[in-house]
Structure formats: structure tokens, C-alpha cells
Amino acid sequence: MARGKYDIKAFPGFLPMTILCLVILYAPLAVVTIYSLNDSNSITNWEGVSFRWYADVFTGPESEKFKIAAWNSFTIAIIAATVSTTIATLAATAMVRGGRFKLRTVSFGLISLPLMVPEIVTAVATLIFFNSIGFTRGYLTILVAHIAFCIPFAYMPISARMQGIEDTYEQAAMDLYATKRQAFTKILMPLMLPGIISGYILAFIISLDDFIITNFVKGAGVETLPTAIFGSVKQGIKPNIMAISTMLLAVSIIMVTISYFVSKSDNTK
Amino acid sequence: MAAGAASGGSAKSDTYADARTWLLLPAWAVLGIFILTPVLMMLVYSFLTKEFRGGVIWELSFAAYDQFFCSRGLFGDEPCTVEWTYINIFWRSIWQAGAATLLSLVIGFPTAYFIATRPESVRPVWVFLITIPYWVNLLIRTVSMKFMLRDQGPLNDFLISTGLIDSPIHIVNTNFAVQLGLFYSYLPFMVLPIYASVERYNFNLSEAAADLYASKMTTLRRILLPAVKPGVIAGCILVFVPSLGSFLAPDLLGGAKNFMIGSLIEEQFKGNAGNWPFGAAASMILLSMVLVILMIFARQQAKAEKGAG
């Protein structure tokens, strides 16, 4: 529909604005990545490229703290993502393949509750809950809180995927005497796999990145990477924090990229 | 999108109708016990008496709400006059979140429009580029922003080297820094819904307007903007609501003078100086505000949907 000068869609200045938008989004990340390679004890002066701060993360004086925090972060993220994805897959099957039913709207409201309630409110509420049932705060409380608030993030891509799959495949299988369970595990699940993988990855990242809820429900002494980083940053931004941030940043970007390509693949054809 | 999304889309079939209770049970249990029950307990806690070392005493009390709204003089025995301290913190939060929303709209609208008018095959790539930063740890993004904006940081270095300024501008620990941080945290939320509604917009309408000698700006204002308004409103809410209760941006970029709701709440639960019922009450007030905004929004979207359909 391009008519040169009279292109009705084009507005002058929108391209520069888009570029500005991308620069704003990426510049801080690029700057931290570059400065993580700075061979200097101060974050202000640039003294050439080196990987010494990456080495410092693994062997330096704070390495023990980071190792424990990383272990907590990754094990919690893996367990929370696995459990919440399983729960979300079952729930999505009921919501998308369960016909109309009375509690459907209520169920959807409940599933999307963690997205509507401000995170700090969820954090306060969860702290109060664990406190009042006399549960000692620590690794387990973080894990349980993460499982709960990761459910909607896993649910969204899974249910979107299931919406896009016609039920003719399962019907055909059942016409050929497959049981409902077989139709589910052998037909629906494989077709759903891209949605499930995206859901799992999103839940994983959400858990790995969470600071606010973790900060409230972690007990004394239990740290995840974000809370450990926050603790360090309070005393000033140090070069080793730049290095560990860059590594976390890379993990997130790699996982989102995988999720993007997986969700683009269409295995229903 | 809105009406369908509000109820979670329609049921595609009823193949598993007989198993749906069992399929939903784990989700009901986990979310009911660990999200809904805690929120209700928080409501209860906001009406209890505070324990001085954190926690509560199980005695009914309106002290938390009284402390929030009422000023009772130095000895606490005067009649209630309006207490402005906390209302001002809420007011500042609304203002900061509003400024961040406006900033996101100014940058986000042209971006969303630009992406939506690209060839269909490259649009997902643009959208992907916009969403990547959202998935990077919010803490890391906020720290990066602080690093950028420091007096000796890259932004000031850059501005000095270009000769635009002579000495560094102080940005960190100002209201503006918090607005920038919030804007940076939630910018993708503005772009995506606007993008979705511009993508659905029928450009033949703009053609028709142009054929009738409407200028480009008139077409934008009178034809396009009303058509994409639901997307714009959705974007504004998606930026405004999380900004309102955010903790990291005001805490790391704002310093002590630029206190927002999130910091006020956090302070009540950290260390021994805390006041749990008061923190619960402040959380309840924040939650009520957010729910009211979301309800008005849902009603408006439903109306718009009806009008369009």
C-alpha cells in the first residue's frame, strides 16, 4: 500500500522513536556487560578487558556465598517450574477441554490471581500466612511460594497452545478405541509440547528472577542469587556483581530465546 | 481480546469434562491455600494488635487504620485530624507511577505503531526484541539503570564528552530517577497491547479519511486513536499498576527522600522496628486501589467489546 510520499501508515519520527526505545531497553544491559569485563578494582575507571571478575565470582572471597545462593536459586527454579507446569497443564486441560461449567470463571480468576495482586502484597500475605501457621521460614517456604505464583505464567502459554489445537485428533484416536488417558498422553500431550516447554521456561525464569517475594519469605541466612545480589548492591555496586549479573542476564536471554523458537514451531501440521 | 481473556477464552471441547474436577484440584488447592488464604489472613492481620518485636497479638484493633488516616497529637489523645504522612506517600506513588506511565506512552506508542506497520513476517522479531529485556532479572535491570545514571556513570560521561553539559547531572536519588527506573521496568507492557490493537486496525479507514482530505494528524487523532484506545488503556494500566507497588526502583534509585508504598510496606516487616498490622493495612489499601482500577478497566473493555461487536 506504499504510495511514497502519501503512505498513509508512515509517520515521520516513529522510526527514530523505535530506535530510541530499543536503545533505552538495551543500553543499561550492554553497559553492565561491558563493565563486567573491566580489569579494574573500581567500577568507574576503564583499565582494559579481562575476565578476572568472572574468576572472582567462582574463587574470590564471596564465592562460597554465591555458590550456595546459586544452588538455592537453581534448585528452587527447577522444582517450582516442574510442579507449577504440571499443575498448569492439568488445569489448562480442564479449562480448554472440559466444556462449560459453573466454576470456570472462578477458576480462571483464581489462576490469574497472582498476576492481579501486586507482588509486594503477595509477599506480605505469604509471610503472614507462614508466620501464623508457625512454619519456620527458609528454603521450603521460598519453594512453596514460588510454586504458587509461577502457576499463571506456566498456564498462559499452555492454554493458548491448547486453544489452537482442534480436538479432531483426540476424537480420531478415541474412534480407534484409544482410552481418554491414551488420547491425552499419546495425542494431546505431544501436540501441546511446545506450549508446555514455553510455560516451563517462563515459570523457571520467573522463579529464578524473583526478588520481592523471596526477600519476604526467606528465613535468616537463606539466600537466593537475587537476594544475595541485593545485599551486596546495598553496599555499592562492585565489579564482581557486574560479572554475576551478566551471567544471570545471559541465562535469561538464552532461555527466552529457546522459548521463542520452540513456541514458533508448529507440530500440528 | 479483553472479554475473551477475562474469562480465559472459550472451552474448545468437552472431551475431559468428566475429569475436570480432578484436573483442577491441584491448582485450586495450591492457589487457594498459598495465595487466596494468605491475602484473606492479611486482611485479618490488619485488624489485630501489634507485637513490638514483629508479629501480632490476637486482639481486635483498628489501630493500624487509625495510624494511617488519623493524627492524634503528640500523646495520641487528641481527636482525629487527617494524618498526611502516609496519604502523601501514597499520593507520591500515584504521581510517580503516573509519570512513568506517561513516559512509557510517549516512547511506547510510536514504537508499537512502527512495529505493527512492518511486513507481517518481521513483526514477531521486533516484538521479540522488545520483550527480551523484560525477562532479564528486574533487580539486575534496576542496578544497571543505577550504574548508567551515576554521577560518574556512562550517561554523564557521554553527555560531557559531547559537550552538551560541563559537569555531571545528579539523577540518582531524585524523583526523576525513580520515574526512569519504573519506565524502564515496565516499558514492554506498554508496547505489546498497543501493538496488538494497531495490528488489528483496518487501515482502509485511514485511506478513506485521507481520500476525504483529512490531514495525517487529523486521521491519527480522529480515526486511528479512537480505534486503538482499548490497547492504549490496557498498556497504561499494565505499566501503572505494577509501578504503584514497586519496591526496587524507588529503593535503589530514589534513596530515602523518595519513599513509595513498596518501601513503606517493606519497612514494617524487616527488622524489629516493624509494625505488622500497619504493614498489612497499607497492603490492603494498595490492593483495594489496584482492584478498583482493574474492575473499572474490565468494565470498560467489556463495553468497548460490545460496541465493536
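Modeller: Helices here are DSSP runs of H or I with at least four residues, strands are E runs of at least two, and both are numbered from the N terminus.

Biologist: How many helices and strands does chain B have?

Modeller: Chain B has 13 helices and four strands. This is a predicted model, where local features need pLDDT of at least 70, and side-chain atom pairs count only at pLDDT 80 or more. Residues are numbered from 1 along each chain as its sequence is written.

Biologist: What does the C-alpha trace of chain B span along its principal axes?

Modeller: About 75 × 70 × 35 Å.

Biologist: What share of chain B counts as buried?

Modeller: Of its 309 residues, 49% are buried, meaning under 20% relative accessible area with a 1.4 Å probe, protein chains only.

Biologist: Switching topic. At what angle do α6 of chain A and α2 of chain B cross?

Modeller: Roughly 115°, with the axes coming within 9 Å. Those axes are lines fitted to C-alpha atoms over the stretch in contact, and angles run from 0 to 180 degrees between N-to-C directions. α6(A) is therefore roughly perpendicular to α2(B), a label covering 65 to 115 degrees.

Biologist: Which residues make the contact?

Modeller: α6(A) uses V144(A), I147(A), A148(A), F149(A) and I151(A). From α2(B) come V30(B), L31(B), F34(B) and I35(B). Contact means heavy atoms within 4.5 Å.

Biologist: And how many are nonpolar, polar or charged?

Modeller: The contact of α6(A) with α2(B) has nine nonpolar residues, no polar and no charged ones. Nonpolar covers Ala, Val, Leu, Ile, Met, Phe, Trp, Tyr, Cys and Pro; charged covers Asp, Glu, Lys and Arg; the others, Gly among them, are polar.

Definitions and conventions: Chains are lettered from A and ligands numbered from 1 in the order in which they are written. Side-chain values use heavy atoms; hydrogens and water are left out. Angles under 35 degrees count as roughly parallel, over 145 as roughly antiparallel, 65 to 115 as roughly perpendicular and the rest as oblique. Buried means under 20% relative accessible area, exposed over 50%, partly exposed in between (1.4 Å probe, protein chains only).
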